[in-house]
Amino acid sequence: MSSVSSQPHFVFGPRSGGLALLDEHTVLFTCGSRCVMQHCAQRWQRFLPGSKRSVEFCSMTLSPNRRYLAASEKADKASIIVFDLQHQQGKTRKVLTSGDLLVQEFLSMAFSPDSKYLIAQSGAPEWMLMIWFVEENKVLATVKTTTSNNPVTQISFNPHNNMQICVSGNGVFKMFRQSGGVLRQSSISKMESVNLLCHTWLSEDRVVAGTDSGRLLVSDSGELRREMKMSSKAGLGQNDRYLEVRRIKEGDATEGVAPCGITALLSCSKGFLCSTGPGTVCLFEKKEEDIYRKIREIQILADRACSDASPVQSQQIDTMCISPAEETLAVGTDRGQLYSFNLSSANIKQEGLLHFDFLSSPFHSNTITGLSICIRKPLVATSSLDRSVRIWNYETKDLEVSKEFQEEAFSVALHPTGLFILVGFSNKLRLMNVFIDDIRTFKEFSLHGCRECAFSNGGHMFAAVNGNVIHIYSFTSFENTLNLKGHMGKVWRIEWSLDDSRLASCGTDGAVYEWNTQTGRQESESVLKSCSYTDLAFSSDYKTILAVGTDRTLREIQDCQVLREVPPDDIAHTALAVSHSGRVVFTGTSSGTIRAIKYPLPAQKEWITQQAHSGRVTRMVITYDDQFLLSVSEDGCLLISKITDKEGRGLRSNSQIVHTEEILVTKADLKEKAKKMLELKVYLEELHMENEYRLRLKEVNFNEKLKELTEQFTKETQSLKTAQQILNSELEKQKCEAQQSSTEAAVKHSRDLKDLERSYTTKLVLQHKEYEDLLQKHEQMKEDYNRQLKHAEENKAQALVELTEKYEARLHNQARLLAQCQEEAEQKIEEFKEILKQAEKEEQKNIHTIQSKYEKQLLLEKEAKARLKEDGGVMTQKIYSLQVQIDHDSEEMDKIKKERQSLIGLIRSLEGNVLVLKRQISEQEKTIQDKDKTISGLKAMNQELGKHKFVMEFQLNGLKKQIELQQDEIQLKGERIQKLEEEVAGITKSNTQLKLTTSDLRLKLKTKEKEVQKELQKVKNLQTLLERLRSDLHGCVSLVQEPKELKDNILMIYGRYAPDTR
């Protein structure tokens, strides 16, 4: 097994499934067989891979708490992988399976509002809706939602209720509730002829759904009976347009909000967002309960690289998401492109057309056919069947240049300098210059269907394939120097040797040839007719050739002989790349995987596989410094993988490669830039003059302000001095008053203490005598109460025996009565059931008769309509004199329509009668429930008899209460004693409080003395500040003739003293 492998580093590829914003700068999307987390500002990506057996991710969803990401894999037995995004690199994940059900893919998924549950809708033929408890990987419930004739397009949770689920699709709109491990349908709307493409929740009870005809249908509590329509009334301004929620009527036209299908809806705090056309999103703001105002319209503009100037009308927006702060809107199109828009109020209020920006860079939307790199720049060029050629920078991870053409591009080759590019089209080969912002053709060669081209390593020659012939051209003279003929089938790949003296080629005829580029002769050949070769490459020493083909075998060829072979596998090799260090060989397969095989080639199947793409790998290239492996495939992705060893370090390259920064610029562009530079210089000079004039004006204003400030400052200093003198006099007065009050308080306190001590000693002696008398009385009372308790217990035992005998006899009689009542109730229940069955049969018969009558009447009316239409057609061919009669017939038709509507009203009224009958049945059921209540009443009587048992116990409790009252009197007397003790404690507390007050007064005196000292210190500080300011002002007087230095000194003085004055 190889010690070198590749790890995914960055991918440029279309979105294949869902889209979500983790925050304002981080986006999540699926690309092939992995989920990608990309930071758009810092240009890094983090990959969340699927399982080894997965083909691709077909859908994904992000939990409301932004912690979990669920992605569904498309495989023989599909599964859902839940990633924990808070964990480092998302390594913790849970796999949710469908159990015994065979599900190949999940079309739509959604998390519950609390992020604990996950629902998923499977595809055909099962169409099962499944709900999991994520933490336990447990399937809670499943239910079949639809059939293959009515596919489901979207499912969602109610954002305010974990148990309510909405399902919409072609002719499908259902509400489900999850309770007790079962999904039950709570409501259904008859929508057989309506194709619902998307929906979103606007509130707890309201859902808006978009149709393929551009209508917005509104569901209140599960029924689609209302529609949003543009109002005809004028709003606050002439440009404002309003959406009103109206009830759907049978005569309404089917004109919708959008001219085509509404493919995406998204709710937000202000209202909702709606895709109203190709590449167009409208923002609707809620004004009232059923009125929404259209604020702005955002469009996807045409790509600058596109040859057509028309807007991008072919891109349909199929997904939308919004950031947690609702500042960024991201959308995805059916071509896999990602766009964003800043929803801040400043951007929305801009005048003119609002347009989306690319979230990162535009991608290929179809199979990538060509891949090429250059040695002097970190650039890689790709060509695709989407008619575009793009040049990427694999170091900065950015798109440098892109260009769209009128025909498909089959092959591409970058010149070693990175300044020129070869592109093969269906009718010609074009040699183009690579400018800073454009790719322009300057030479064309008449080669039809050129599917392979390559520059030599020196850049002085290039080779191009036309069918089974290889043409070699001189890059300096553009002459066709050699034509290499020998292949019997189409040539798929060509490869130059290091010194450009040899050229290797392979094709569908099973031949691998090595050509001499000087003479045009074949130096070696290897033909295997049973294999159609798809790719080849020279070894690192350029002595052998490695080739792969349809026989699933990797071969190493030298001098017409096969040196080594890697045994075939179930998956075919489609592309090949050899490292320049000679340690590893990378192969791409038809399933999208990349295999790392050690070199020299092993005799057994030993390799490291990496799930890279979701389609067949078409091309692979290793950069000249052996740091990156670049691969492209049919899924339209360009994957940049980092080549590492076992320890995760990059490979060391033998040669040091220096990248240059030269670019091609035309004379016209240089002249335009020179003109702009001159204009900018003139503009700068004008700005400089204006700034100088403004500075002078500011200096004059500052001088005036300084004069005013100095005058104010002198006035304030004088006022502070007077205030200081007043404060000093007041402080002296307060000191004298405080000393006098403290001496008087101390004398009074000493007198009061002596009086209180005398009075309380006399009170304590008297209360002690009373306490001894009460103790004697308490002992006598205890003896009397013990005697009374003994007599009461003897009487209680006799009364209990008598009462138990009486109530046992009553219980036997009541039990007999209960048995008789139960038998009578069962007989009545059976009678009511028979009555219900007869009533249901009679009602069904009446309903069938009424339906048959009105169906016959409807058929007769339809026949009459058809006859009248035929008569109308005949009458139009006659003379204008009969037009009056035609008008009369049309009036009769209107009357018939009105009669038909009245008949429909009768049918609805009859349906109401049916509802009334059902209500009567429910009332009969209520009567049965009343009988059940009577039975329960009898049971309650039985319970009341049991309660009589406890009456005597209550009487006994009364006797106990009397005893307790006597005990309460004893407690009251004890409480009196406690109160007396508390009074003594209160007196002691008052003494302590008086001591505390004296200490508080002393502390207040100390604090006032400290405050006086602080104020004195403030006065000293102000005096020092005044002296410093005077010295600084004297220094400024010497600089009167130098205004700049004077200005700087005044600003310094202002900075020093202005904060202190505040």
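Start by selecting the hairpin of E56 and E57: 5 residues lie between its strands, and Asp626 there takes a positive phi near 60°. Strands here are DSSP runs of E with at least two residues, numbered from the N terminus. The model is predicted, so local features need pLDDT of at least 70 and side-chain atom pairs count only at pLDDT 80 or more, while totals for chains, interfaces and linings use all residues. Residues are numbered from 1 along each chain as its sequence is written, and side-chain values use heavy atoms, with hydrogens and water left out.

**The hairpin strands**

Select 617–622 and 628–633. E56 and E57 pair in the antiparallel sense over 5 bridges; pairing requires that DSSP finds at least two bridges between two strands. Val621 has Leu630 of E57 opposite it. In E56, 6 of the 6 residues are buried, so this strand is largely enclosed by the rest of the structure. Buried means under 20% relative accessible area, exposed means over 50%, and partly exposed is in between (1.4 Å probe, protein chains only).

**The sheet E2-E3-E4-E5**

Go next to the open sheet of 4 strands in the order E2-E3-E4-E5, with antiparallel pairing. Its edges are E2 (19–21) and E5 (44–49); each has a single partner strand, so one side of each is left without a neighbour in the sheet. From one strand to the next the twist averages 20°, with axes being lines fitted to C-alpha atoms and angles running from 0 to 180 degrees between N-to-C directions.

Select 26–31 to show E3, which pairs with E2 in the antiparallel sense over 3 bridges. Leu21 has Val27 of E3 as its bridge partner.

**Thr328**

From Leu21, move to Thr328, which touches Leu21 and also Glu24, Cys321, Ile322, Ser323, Ser340, Phe341 and Leu343, not counting residues up to four places away in sequence. Contact means heavy atoms within 4.5 Å. Thr328 is in strand E28 (residues 328–333) and counts as buried at 13% relative accessibility. Show the side chains of Thr328 and Glu24: a polar contact of 2.7 Å joins them. A polar contact is a pair of N or O atoms within 3.5 Å; within protein, one must be able to donate a hydrogen and the other to accept it, and residues adjacent in sequence count only if both atoms are side-chain atoms.

**The sheet E40-E41-E42-E43**

Another open sheet has 4 strands in the order E40-E41-E42-E43, again with antiparallel pairing. E40 (453–455) and E43 (480–485) are at the edges with a single partner strand each, so one side of each lacks a neighbour in the sheet. Neighbouring strands are turned by 15° against each other on average, direction ignored. E40 pairs with E41 (residues 461–466) in the antiparallel sense over 3 bridges, and Phe455 stands opposite Phe462 in E41.

**Aromatic rings**

Rings of Phe, Tyr and Trp (its six-membered ring) pair if their centres lie within 6.5 Å; planes under 30 degrees apart count as stacked, over 60 as edge-to-face and the rest as tilted. The count comes to 22 aromatic pairs. The ring centres of Phe475 and Phe478 are 6.2 Å apart and the planes are at 85°, so this pair is edge-to-face. Phe475 counts as buried at 14% relative accessibility, whereas Phe478 counts as partly exposed at 23%.

Finish with two arginines. The charged end of Arg430 sits over the ring of Phe425, 4.7 Å from its centre, and Arg440 lies over the face of Phe435, 4.9 Å from the ring centre. The criterion is NZ of Lys or CZ of Arg within 6 Å of the ring centre and within 35 degrees of the ring normal.
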